Structures are given as structure tokens and as C-alpha cells.
Amino acid sequence: MLAAAILSLPAAAEAGPKLLLFPIEMSIPRTEMDFFAPAVGPSPAEQERLEKANAELAKLIEADGRYDLVDIAPHRADIEAAQPISECNGCEIDIGTKAGADLLMVSVLNKISETHLSLTVSLVDVAKSGVVSNSSVLIQGNTDESWQHGVRWLARNRLLVAEGNPQ
């Protein structure tokens, strides 16, 4: 009876690759006029949207079940010291190795204008130190709903598409 109960546990026996999901970063282009001004980061509203978008992406990945998300909390200091991860020249591989991850997801939200943004997500194989895939979506509107819609669309149509069933 105990053996039958153990055999019926689906997730424990078939854990997927370990995925380290780096927090989504925001890139705001600088113009010639900004050359002598200090770098500008996301507004407080955009910072909150980044956190919500990252939480939504993590929730969708977890619900899909093909990856085992790695807890980033023990590696937060390394991540913060290396930011922006998308420009750290391979430090993401070192952090991923230290975290025991098989794959990494590095995401950058480019603010093209006040109403147009582009979210690009790269899936990286830690052992091969190489990009497996790049996916992106154009987000029209700098609002909570447009960002969430963009994250959901990207997950559903690019990141979490069933093999052999491209959208």
C-alpha cells in the first residue's frame, strides 16, 4: 500500500531541470542630453511593475511544472553586486553554478519610449555557458496591465510552448 502511494507521486520522481530565474532588469536608453546627468533608473511605479512582472513569470514557470525553480534568496547579494546581470560578462554562469542551476533565465525590459517597451528573455544552459533561446515581446503601454499581459503572452507563446507545438 505504501509503495503504491509513493509511485503515485508525480512531481517528486520527475523533477525537471533546475532553473535560476534572475529578476527582470530594466534598461532605459540614454540620449546625448543625458550624458552628464546621473543614470536614471525605473520610476517607483515601474519598479513595482518589475517586481510584479517577475512574480508573475515565476508563478507561470512554476505552474507549468517542467522546471524546478532555484531559490535565489541565498544568492541575492551576488546578484545585486553583479547587476545588471545582462551586462556582467558571464557572471550569471558563475552565480548559476554556485546555485546548482542547470538553466538560467535572464530578462531585460527595454524602455523604448514612455509607451513602448520590449521584454527579452534569454534561456541559458549553465554547463555549456551558452544561450539556448531568446524570446521577446513588445509591450504597448506603461501600465500594470500591459506589463502583465506582455509577461503572460511571452510565457504562453514563447517560453512555455509544448515541444513540437510552436505557437
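Residues are numbered from 1 along each chain as its sequence is written, and side-chain values use heavy atoms, with hydrogens and water left out. In this predicted model, local features need pLDDT of at least 70 and side-chain atom pairs count only at pLDDT 80 or more, while totals for chains, interfaces and linings use all residues.

The secondary structure of the protein comprises six helices and six strands; helices (H or I, at least four residues) and strands (E, at least two) are DSSP runs, numbered from the N terminus. From the N terminus on, the order of the elements is α-α-β-β-α-β-α-α-β-β-β-α. The protein has 167 residues, of which 39% count as buried. Here buried means under 20% relative accessible area, exposed over 50%, and partly exposed in between, with a 1.4 Å probe and protein chains only. Among contacts (heavy atoms within 4.5 Å) between residues at least 6 apart in sequence, 57% join residues at least 24 apart.

Strand β4 spans residues 103-111, and eight of its nine residues are buried. Two strands are taken to pair if DSSP finds at least two bridges between them. β4 runs parallel to β1 (18-21), to which three bridges join it; in this pairing leucine 19 stands opposite leucine 103 of β4. Strand β2, residues 25-27, is also parallel to β4 and is joined to it by three bridges, and serine 27 stands opposite asparagine 110 in β4. With β5, in contrast, β4 pairs in the antiparallel sense, over nine bridges. Valine 108 has threonine 120 in β5 as its bridge partner, and methionine 105 stands opposite leucine 123 in β5.

Strand β5 covers residues 116-125 and is mostly covered, with eight of its ten residues buried. Besides its pairing with β4, β5 pairs with strand β6 (residues 130-140) in the antiparallel sense over ten bridges. Aspartate 125 has glycine 130 in β6 as its bridge partner. β5 and β6 form a hairpin with four residues between them, and serine 129 in the turn has a positive phi of about 50°. In a regular strand the side chains alternate between the two faces of the sheet.

Helix α5 comprises residues 91-99. Within α5, Cys91, Glu92, Ile93, Ile95, Gly96 and Ala99 are buried. The buried residues of α5 pack against β1, α4 (76-82), β4 and β5. α5 is followed by glycine 100, whose phi is positive, near 75°. Glycine 100 lies in the loop between α5 and β4 and is partly exposed, with a relative accessible area of 36%. The C-alpha atom of glycine 100 is separated by 8.0 Å from that of valine 70, a residue 30 positions away along the chain.

One disulfide is counted, a disulfide being a pair of cysteine sulfur atoms within 2.5 Å. The disulfide is formed by cysteine 88 and cysteine 91, with their sulfur atoms 1.9 Å apart. The angle about the S-S bond is -100°, and the link is left-handed. Cysteine 88 and cysteine 91 are both buried.

Pockets were identified on a 1 Å grid over the protein atoms alone: a pocket is an open set of points, where a 1.4 Å probe fits, with protein on both sides within 12 Å along at least five of seven lines, and lining residues have an atom within 4 Å of a point. Grid points are joined across faces, edges and corners, and a volume is the space filled by probe spheres set on the points. The largest pocket has a volume of about 260 Å³. Its lining consists of 13 residues, of which Arg66, Tyr67, Leu123, Ser133 and Leu159 lie nearest the centre. β6 and α6 (144-159) each supply at least two residues of this lining, and β6 gives the most, with four residues. The lining divides into seven nonpolar, three polar and three charged residues, where Ala, Val, Leu, Ile, Met, Phe, Trp, Tyr, Cys and Pro count as nonpolar, Asp, Glu, Lys and Arg as charged, and the others, Gly among them, as polar.
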